[in-house]
Amino acid sequence: MSIPFSHGRPLPVEILEQITHELVKSSPLGPPSQIIPLLLTSRAVNQALSMHSGTPLYSHICRFKFDVGAVSRRAFTPGVKDLNGHLVQMCNLLRFIRRNDIDDMDVEDQLLIAYVAMLDSDGKNRAQLQHAGIEAFVDRFVRKRLWVECESNDGWPLENVINSCALWLMWMFTTKAKLDAETVQQREELIQLVFPYISCPLRYPCALVPPNHFTLPLGGSNAVQTALFTSRTAHGPYPLYHIIKNTPQVLYYYRGSPTFLPPLITPVAKLLYWCRRERTPFFNIPQLPPTRTPGRAELTQEDIDEFNKYKAAKLLPNVVWDWDIGKPVCVGLTGDREVWREDESKRWRLGSVYVRGMISGMWTGVQFTMSLNILTDMLAQPQWSPHYSEITSMSARPLLMRLTEHGFVRTPSSQTSTSSIPHAPPAMMSITFNTPKGPQRAVVPIDVSLGNAWFPGPPGSLKWTNDGEALDAGIFEDRFTGPPPSHESREKEKMGSTQFIVPTPHFYSPRSSPSSSEQDEERVVESGPIDSATLARISASGTAKVFKYETYEEGRESVHERMEGARDRGKLCRYDGMTTERHPGCLQCREREAFLEEERAGGSKKVTVGRGRGVERGGREYHAGPGGGERSRVRVEEIFKSVGMGKKGGEDEEVEELVDLNLEDQDEEEEDDDEDEDEDEEMEDEDEDEDEQDDIPPPSDADSDADSDYEYSSSKPPVDRVRRSHDRYRVEGCHQVEDVVITGGLDEQQTRAWCKNVYYGRVRPWDGLIAILRVSYARDLKPIGYMVYYGYIYGGNTFVGNWRNAGVSDPLVPAFESAFVMSKREE
């Protein structure tokens, strides 16, 4: 196709598009304003370069200026129309930020888009937002508007979308240089602004769903707890359910409209607070001896100095896009730049809730303790008080953990465990319900396993032994079919294994906890590592069960790799010492493939693949409980469903669409393959338009132009034409493990300084929440305390959450709870 140019001579459109693209590339930062003069050249040029013409030019520009690899990895491959709409949306965002109007009515929508753009950033989005002035915009918003409308919230700052996104954006752009440039007044002002989010665990949750649930979602298919129960405090219902308190937002993104749950606000408040407090060494105890006397176990100034070398609120790497080399680079403290080669687990993610190996390592941080008088005062009255200050209400102490991760993997071999550690059974508790006829009491099942980090048994009852042997992958090898010795010598070392000893489930009523002497009698031996003789004795007694997990060791070969390798090489499988058929490989991967085939044939209504995600998709079975339990369960299901975590199925419901989140690190080439990609994308757009006719109401006469969706000036786009939020027939890839267990302790030198501590915990598969039980010992090696730490890992190396006493077994009773922040050391 050509257009008339000089003296009527034709100019191929492809050349005009290439000239325009090169012109835009000359100024990569900011909206493509260089196109405006070309659009004003003539009517013919304007029509050729118009977005309505269907030209792939704007999709090229979108790929050049903004990051699109993340959405391709996680949800779908964006087509030309998707990229065009995203380009318009992001350019509107940049213009909005440059106006620097924090009182604009669209500020909430625009900050939400900026937050999601940073979650999807591989370097370009960050560079564009920085150039537009996002740092100054967010800083001004937080200092001027964070406490707006606090009068409607008993004087406390609101936890809403706009405040959460503003604080998270502030944290994402925090650097050491910015912290050093802050004045004392600016630093103290920000600490006072965010401190209420940290100080009141009765009002601000640090988990999407409270940690007293391990099995989610709630409902008829939940074998532990089917209904949601809360008690009343001065601050509202307890425990705190973030997914109920906050309404999911509909986010217009790449022409899709997925629901989006606002991020938690208390974790980012803790990070912003502590990264400023630890700019200078926080812990300084001059009265301690400078060094340790040989043979003595004591804390010394040398131990404090070693601890102060590491930051608890570790700042994110300053990764920006280098437009000259076309790759992300990390800017060091001295201004040096190196190509960023960090793996996918270190990025802000929207995909898998947990990445294997993320928790293994040495963690250093700080835990806070709120004043008991202040917490008692908060529990009694809802109003915020100026007395709830950092000085009067909070103290801090060091926190250290060396943690190791273990994963359960099903293999064809009979020599490995056939199931993971079971969920703890519920406790039958007597609950009072308010009904139209007055208060009524009934006995209901409630999950009370948090006190033992979601394991069966009382706190401190889990034991384990590291046998070091690799899990049996069920591969049949003999001298005829096995690999030659030279090949064996080149094989990677295999990951070892750990055997966990779980006592026969024994629960006591949370309303009447056993005495410490009764608990000591239940613990046959102390919690933590045991030797093989103790393992044999416990196994022979029949009072416990043994489960074998693979111990994660970076750089070593996992049993998943061995099983998949055996399948690829056509190896035989060994069942009970006999060979029967070709090795199936990873059992989860095969279930996933079988599920996809069955769904494509339109037959299955079950989801049985994924780590800990075996959810029956059958019809809803609600059993009416006392006090409106039926309505409560229906409401709970609606809440979980609104954030994409509900159950689906039944005769009157549509079969759930498959979503294959391709989470492998397969970033698309940004520039070299644009033409080929866009040709495919145009075909995808045509197919998508056909599919949308069945799912989306037709546009009105006034909006009949297919491309008119992108001609909007506000942040509220039309919703009559949107694409699916994910491609069809795509499900999450194999997670390799079905259950994650954590163990840990301290090094010998650290034990002499900080006393003995034993740690163990578990990862909740629904959202990646981590719960770790800490058993503290005195110098005489007697256990003196049990504490549970729960929270999420942010940015791949920062663990933020709350800690509480493990002795409080009733989840409906507010516990003594406070915050902690930890980061993983680079070793």
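What volume does the largest cavity have? It comes to about 170 Å³. Keep in mind that this is a predicted model.

Rolling a probe the size of a water molecule over the atoms shows where empty space is left. Here the count is six cavities of 30 Å³ or more. As for the largest cavity, 18 residues line it, and those closest to its centre are Pro211, Tyr238, Leu240, Tyr790 and Glu817. Its lining splits into 14 nonpolar, two polar and two charged residues.

Next, find helix H12 (residues 184–199) and helix H14 (residues 266–277): their axes come within 9 Å and cross at roughly 145 degrees. The crossing of H12 and H14 is a left-handed one.

Which residues meet there? From H12 you get Arg187, Glu188, Leu190, Ile191, Val194, Tyr197 and Ile198, while H14 brings Thr266, Ala269, Lys270, Tyr273, Arg276 and Arg277. Sorted by type, the residues of this H12–H14 contact are seven nonpolar, one polar and five charged.

## Rings in pairs

Now for the aromatic rings, where the count comes to 30 aromatic pairs. One of them joins tyrosine 115 and phenylalanine 260: the ring centres are 6.1 Å apart and the planes sit at 75 degrees, so this pair is edge-to-face.

Where in the chain are the two partners? Tyrosine 115 is in helix H7 (residues 107–119) and phenylalanine 260 is in strand S6 (residues 259–260).

Definitions and conventions:
Residues are numbered from 1 along each chain as its sequence is written. This is a predicted model: local features need pLDDT of at least 70, side-chain atom pairs count only at pLDDT 80 or more; totals for chains, interfaces and linings use all residues. Side-chain values use heavy atoms; hydrogens and water are left out. Axes are lines fitted to C-alpha atoms, for helices over the stretch in contact, and angles run from 0 to 180 degrees between N-to-C directions. Helices (H or I, at least four residues) and strands (E, at least two) are DSSP runs, numbered from the N terminus. A crossing is left-handed if the near helix is turned anticlockwise from the far one by less than a right angle, and right-handed if clockwise. Contact means heavy atoms within 4.5 Å. Ala, Val, Leu, Ile, Met, Phe, Trp, Tyr, Cys and Pro count as nonpolar, Asp, Glu, Lys and Arg as charged, and the others, Gly among them, as polar. On a 1 Å grid over the protein atoms alone, a cavity is a set of points where a 1.4 Å probe fits but cannot get out, and a pocket is an open set with protein on both sides within 12 Å along at least five of seven lines; lining residues have an atom within 4 Å of a point. Grid points are joined across faces, edges and corners, and a volume is the space filled by probe spheres set on the points. Rings of Phe, Tyr and Trp (its six-membered ring) pair if their centres lie within 6.5 Å; planes under 30 degrees apart count as stacked, over 60 as edge-to-face and the rest as tilted.
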